[in-house]
Amino acid sequence: MKKTAVYPGTFDPITKGHVDIVQRATRLFDRVIVAIAASSKKQPVFSLEERVDMATQVLRAHPNVSVIGFGSLLAEFVEQHDAQVILRGLRAVSDFDYEFQLAGMYQRLAPNIESLFLMPAQDYTYISSSFVREIASLGGDVSAFVPDLVVDALKKKLRK
């Protein structure tokens, strides 16, 4: 049986930390689905379509990765795609409490799905999409934190 992991998030925008987690997951799983949440409550800077397109382009070198937007319960999405694992990134101890609560909820909603946590490489532990958006909105250089394609997209989006 092929092992499939779903790596969910808003990816607004996708960062080098996200890419690091995906690259490492491709060595652990036969298939990795980057599940991009519509997440209208967070009022993302980029539309769902833009986020899916950016992630698809950034991750295109990985044949066992697919990028899919979704607006349903994550547990339902994971089951619909015959995945066995929900993959989450942990940057710092402060992420753990929230992620621990989520894992417990997923266990209740879909007991056959495991939650797995990966830490990004040390160079990326401080990067978050919200920091990137804030820095970019103030005209700062975010090229150390996101792929070049995302730098360009942020400049265009925030220039408006």
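In this predicted model, helix H6 gives the most to the lining of the second largest pocket, contributing five residues. This pocket holds about 170 Å³ of space. Its lining comprises 11 residues, and those nearest the centre are Phe 46, Glu 50, Asp 53, Met 54 and Ala 153. The elements that supply two or more residues to this lining are H2 and H6. By residue class, the lining divides into four nonpolar, one polar and six charged residues.

**The largest pocket**

The largest pocket has a volume of about 1200 Å³. Of the 42 residues that line it, Pro 8, Gly 9, Thr 10, Lys 42 and Arg 88 are the closest to its centre. Two or more lining residues come from each of strand E1 (4-9), helix H1 (16-28), strand E4 (85-89), helix H4 (93-109) and helix H5 (129-137). Helix H4 provides the largest share of this lining, eight residues. The lining is made up of 19 nonpolar, 15 polar and eight charged residues.

| Pocket | Volume | Lining by class |
|---|---|---|
| Largest | about 1200 Å³ | 19 nonpolar, 15 polar, eight charged residues |

Helix H2 spans residues 48-58, and Arg 51, Val 52, Met 54 and Ala 55 are buried in it. Viewed down the axis of H2, these buried residues fall within an arc of 165 degrees, so they line one face of the helix. Their packing partners are strand E2 (31-37), strand E3 (65-70) and helix H6 (148-159).

In helix H5, the buried residues are Ser 129, Val 132 and Ala 136. Seen down the axis of H5, they fall within an arc of 60 degrees, so they too line one face of their helix. An α-helix has 3.6 residues a turn, so residues three or four places apart point the same way. The elements that cover the buried residues of H5 include H1 and H6. After H5 comes Gly 139, with a positive phi near 85 degrees.

**Nonpolar cores**

The largest nonpolar core contains 32 residues, of which Val 34, Leu 59 and Val 142 touch the most other members. Elements E1, H1, E2, H2, E3, E4, H5 and H6 each give two or more residues to this core. Leaving aside residues up to four places away in sequence, Val 34 touches Tyr 7, Phe 11, Val 22, Leu 59, Val 65, Ser 66, Val 67 and Ile 68. A second, separate core of 15 residues includes Val 6, Ile 33, Ala 75 and Val 78.

Thr 4 lies in strand E1. Its relative accessible area is 5%, so Thr 4 falls under the 20% limit and is buried. Beyond residues up to four places away in sequence, Thr 4 touches Phe 29, Arg 31, Ile 33, His 81, Asp 82, Ala 83, Gln 84 and Val 85.

Asp 82, one of these contacts of Thr 4, is found in the loop between helix H3 (74-80) and E4. Asp 82 is exposed, because its relative accessible area of 60% is over the 50% cut-off. Its phi is near 50 degrees, a positive value in a residue other than glycine.

Phe 11 also has a positive phi, of about 50 degrees, although it is not a glycine. This residue is found in the loop between E1 and H1. In contrast to the exposed Asp 82, Phe 11 is buried, with a relative accessible area of 3%. Phe 11 is also among the residues that Val 34 touches. The loop between E1 and H1 holds Pro 13 as well, and the peptide bond from Asp 12 to Pro 13 is cis, with omega near 5 degrees.

Pro 111 is placed in the loop between H4 and strand E5 (114-118). At 54% relative accessibility, Pro 111 counts as exposed. The C-alpha atoms of Pro 111 and Ala 75 are separated by 9.6 Å, while the two residues are 36 residues apart along the chain. Ala 75 belongs to the second core.

How values were computed: Residues numbered from 1 in each chain as written. Predicted model: local features only at pLDDT ≥ 70, side-chain atom pairs only at ≥ 80, totals over all residues. Heavy atoms only, no water. Buried < 20%, exposed > 50% of the residue type's maximum accessible area, 1.4 Å probe, protein only. Helix = DSSP H or I, 4+ residues; strand = E, 2+ residues; numbered from the N terminus. Arc of directions from axis to C-beta. Contact = heavy atoms within 4.5 Å. 1 Å grid on protein atoms, 1.4 Å probe; cavity = no way out; pocket = protein on both sides within 12 Å on 5 of 7 lines; lining within 4 Å. Points joined across faces, edges and corners; volume = space filled by probe spheres on them. Nonpolar A, V, L, I, M, F, W, Y, C, P; charged D, E, K, R; others polar. Core = buried A, V, L, I, M, F, W, Y, C linked by side-chain atoms within 4.5 Å.
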